[in-house]
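Please examine the sequence and the structure shown below.

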Amino acid sequence: MLKRFASLLFCCAVFAAGAHAEDETYKKYQPEDPRPQPQEGIDWSRFSMYDARQEGRPKVLMIGDSICNANHRSVKEILNGKYDISFWASSMDATDPDFIYALNLVLEQAPYDIITYNNGLHGHKPLAQRVKAIENSIKFILEKMPNSKLIIVGTTPIKDQAEQTDRTLPDLAKKFNLPFVDLNAIMAPLDRDKYWSDRYHFKKPAVDMQGKAIAQEIERAGEGLNSSNLNKKVFKPAPVVKENVVHSNIVGLNTKSKVGKRVFMTGSYAHGAAWALREKLGKQVNLSAWETTKCITDPDFARMFKYAMTLLPYDYVLYIQPGDPHKAGKAWEKSFIQMMNFLKKDYPDTEVVLCAVESSSKELNQISKFLQNYAKRNKMQFFMMSGDDKKKPNEFISKTILKALKISDGDGGVVQQSSAMGPSGAVK
């Protein structure tokens with residue numbers, strides 16, 4: 001079902017503008033078989049880079065899971081104007097076969113001066129394997145980012161336990177002589193009903209306590225940093241950003257199910273629509289989505305798209321026209337054709353459905369017409385979002401998927417296999 005991960009991701013051809021020489025440090029730290037394997041009913045990955053175009057301030061990357069997904073906001077608020085914050089929160093634990101490659105993509109998005117690292121709450125393997133994998137990922141960060149200051153952030157206790165007994169992160173911080181933020185020591189004494197929102201996650205007062213402790217350690221690590229001694233290392237292909245906030249969000253819903261067609265949505269509305277339609281449309285199909293602010297003409301778009309395509313065996317790809325291209329006209333069209341050629345070559349059995357979005361913008365309407373003509377020439381299904389449909393995009397996307405797959409709006413026999421550890425709290 002899945003194509004070999006390495007053969008796809010490590011190929012030389014790219015469909016973004018220009019060739020590049022990748023930094024290959026990550027290859028030393030990957031497992032022999034790096035093919036992705038679904039770990040939970042919902043596998044997810046959220047990356048955001050704030051103040052992307054800002055220069056002259058230290059850049060911070062926070063790495064973690066749903067706890068990081070919450071407390072990075074507090075850190076950002078506390079350090080606002082002094083540090084530029086990025087975060088990568090994911091359901092992947094370090095034993096996941098593709099963890100190192102995904103981590104590598106994130107590390108190459110900016111020359112980070114300070115990195116905070118947490119992993120372990122999503123434990124999918126025996127403890128000994130997790131310890132080895134977490135140590136391996138720490139070694140990778142230290143080698144790839146030798147000019148960055150690394151901080152280890154401890155794991156929080158779950159509601160029905162007195163404390164977090166896993167000593168992996170504090171022991172590794174000591175072994176590598178790295179600063180350690182002991183979130184367990186801060187959270188363990190707290191009242192469970194007052195400060196926990198569910199078994200794993202916390203209410204805002206507790207989240208703010210975590211954020212304060214992490215922010216204080218970041219400031220200690222950042223003492224002496226100024227515009228003259230910031231990390232200048234830039235990886236190739238370097239990200240090209242037009243906006244000041246960059247997002248790249250992936251979600252796979254019902255990932256372990258073998259029943260029902262799997263639809264991968266990418267482009268505008270994709271990520272939010274996947275979550276919104278999970279229960280309604282989940283009776284007919286299994287949804288996955290990748291949404292990014294990166295334009296298809298950005299040099300890094302190709303690697304991210306190829307990575308997203310390897311995660312699950314997709315039957316359909318629904319491409320929804322994104323807005324505000326960094327480059328329009330022939331440059332955009334060329335990159336799109338290269339993406340389609342990649343899909344035809346590597347995923348010949350996956351059907352691509354195109355969806356354009358009506359706009360008052362001349363550039364976006366040019367892209368809409370191009371997509372419509374491309375679909376006609378290549379005998380592909382095509383849909384147009386216009387008028388009132390744009391006010392309710394999730395409903396339009398739901399109807400589009402049902403039409404494209406030629407299935408009725410009824411029970412298709414798919415049973416959702418859920419996860420209790422979603423990125424924003426417990427999920428049904």
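Is Ser257 buried or exposed? Ser257 is buried, because its relative accessible area is 12% and buried means under 20% relative accessible area, exposed over 50% and partly exposed in between, with a 1.4 Å probe and protein chains only. Ser257 lies in the loop between strand S7 (246–253) and S8. A polar atom of the Ser257 side chain lies 3.1 Å from the backbone nitrogen of Val259. The model is predicted, so local features need pLDDT of at least 70 and side-chain atom pairs count only at pLDDT 80 or more, while totals for chains, interfaces and linings use all residues. Residues are numbered from 1 along each chain as its sequence is written, and side-chain values use heavy atoms, with hydrogens and water left out.

The sheet comes next. Helices (H or I, at least four residues) and strands (E, at least two) are DSSP runs, numbered from the N terminus. Two strands pair if DSSP finds at least two bridges between them. In this model 12 strands form an open sheet with mixed pairing, in the order S6-S5-S4-S2-S3-S1-S7-S9-S8-S10-S11-S12. Strand S6 (180–181) and strand S12 (382–385) stand at the edges; each has a single partner strand, so one side of each is left without a neighbour in the sheet.

Strand S7 may be followed through its two sets of bridges. Seven of the eight residues of S7 are buried, which leaves the strand mostly covered. Strand S1 (residues 42–49) pairs with S7 in the antiparallel sense over eight bridges, and Ser48 stands opposite His247 in S7. S7 and S9 also run antiparallel and are joined by five bridges; the bridge partner of Ile250 is Trp290 in S9.

Strand S4 belongs to another part of the strand order. In a regular strand the side chains alternate between the two faces of the sheet. Ile114 and Thr116 point one way from S4, Ile115 and Tyr117 point the other way, and all are buried. Strand S2 (residues 59–64) pairs with S4 in the parallel sense over four bridges, with Val60 opposite Ile114 in S4. S4 and S5 run parallel and are joined by four bridges, and Ile115 stands opposite Leu150 in S5. From strand S5 (residues 149–153) the pairing continues to S6, in the parallel sense over two bridges. Val153 has Val181 in S6 as its bridge partner.

The buried residues of helix H5 (residues 168–175) are Thr168, Leu169, Pro170, Leu172 and Ala173. These buried residues pack against strand S4 (114–117), H4, S5 and S6. Asn177 follows H5 and has a positive phi, near 55°. Glu217, in helix H8 (residues 204–221), is buried, with a relative accessible area of 13%. Not counting residues up to four places away in sequence, Glu217 touches Ile151, Pro179, Phe180 and Val181.

Two packed helices are described by the angle between their axes and the distance between the axes. Axes are lines fitted to C-alpha atoms, for helices over the stretch in contact, and angles run from 0 to 180 degrees between N-to-C directions. Helix H3 (residues 99–107) and helix H4 (residues 127–144) pack at an angle of about 30°, with their axes 11 Å apart. That makes H3 roughly parallel to H4, since angles under 35 degrees count as roughly parallel, over 145 as roughly antiparallel, 65 to 115 as roughly perpendicular and the rest as oblique. The contact is made by Phe99, Ile100, Leu103, Asn104 and Leu107 of H3 and Asn136, Ser137, Phe140, Ile141 and Lys144 of H4.

Asp300 is found in the loop between S9 and helix H10 (301–310), and at 0% relative accessibility Asp300 counts as buried. Asp300 and Pro237 are 63 residues apart in sequence and 5.9 Å apart in space, C-alpha to C-alpha. Not counting residues up to four places away in sequence, Asp300 touches Gln109, Pro237, Pro239 and Lys294. The side chains of Asp300 and Gln109 are joined by a polar contact of 2.7 Å; a polar contact is a pair of N or O atoms within 3.5 Å, and within protein one must be able to donate a hydrogen and the other to accept it, while residues adjacent in sequence count only if both atoms are side-chain atoms.

Notes: Contact means heavy atoms within 4.5 Å.
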